[in-house]
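Hi everyone, thanks for coming. Let me put the structure up, and then we can walk through it together.

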Amino acid sequence: MGDYGAEEKLIEHVALKAAVEKLPERERQVIALRYNHGMTQQNCAKVLHVSQVQISRLERRAVDALQENIMFMA
């Protein structure tokens, strides 16, 4: 039974990675900065030289796309 949970997590990880790779470059950057590096939207904006509002829009689009792709794969 313990292996099933680990196997399921691996499948989810692979599916998420595939979905992230389908995102446009800028959205991938925002996702990486926000979720891999734990940056705030304001810090992401400084790194990417855009407004915090633009980061918010990019993140929302990316998260929506990821949710849609993950649900499609399930």
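Let's start with His49, which counts as exposed because its relative accessibility is 70%; exposed means over 50% relative accessible area, buried means under 20%, and partly exposed is in between, using a 1.4 Å probe and protein chains only. You'll find His49 in the loop between helix 3 and helix 4 (52-73). Helices here are DSSP runs of H or I with at least four residues, numbered from the N terminus. His49 has a positive phi of about 60°, although it is not a glycine. Most residues other than glycine have a negative phi.

A word on the source: this is a predicted model, where local features need pLDDT of at least 70, side-chain atom pairs count only at pLDDT 80 or more, and totals for chains, interfaces and linings use all residues. Residues are numbered from 1 along each chain as its sequence is written, and side-chain values use heavy atoms, leaving out hydrogens and water.

pLDDT is the predictor's confidence in each residue, from 0 to 100. The protein averages 91.

Now, which residues make up the largest nonpolar core? They are Val30, Leu33, Cys44, Ala45, Leu48, Ile55 and Leu58. Such a core is a set of buried Ala, Val, Leu, Ile, Met, Phe, Trp, Tyr and Cys residues joined through side-chain atoms within 4.5 Å. Helix 3 gives the most to this core, three residues.

Definitions and conventions:
Helix = DSSP H or I, 4+ residues; strand = E, 2+ residues; numbered from the N terminus.
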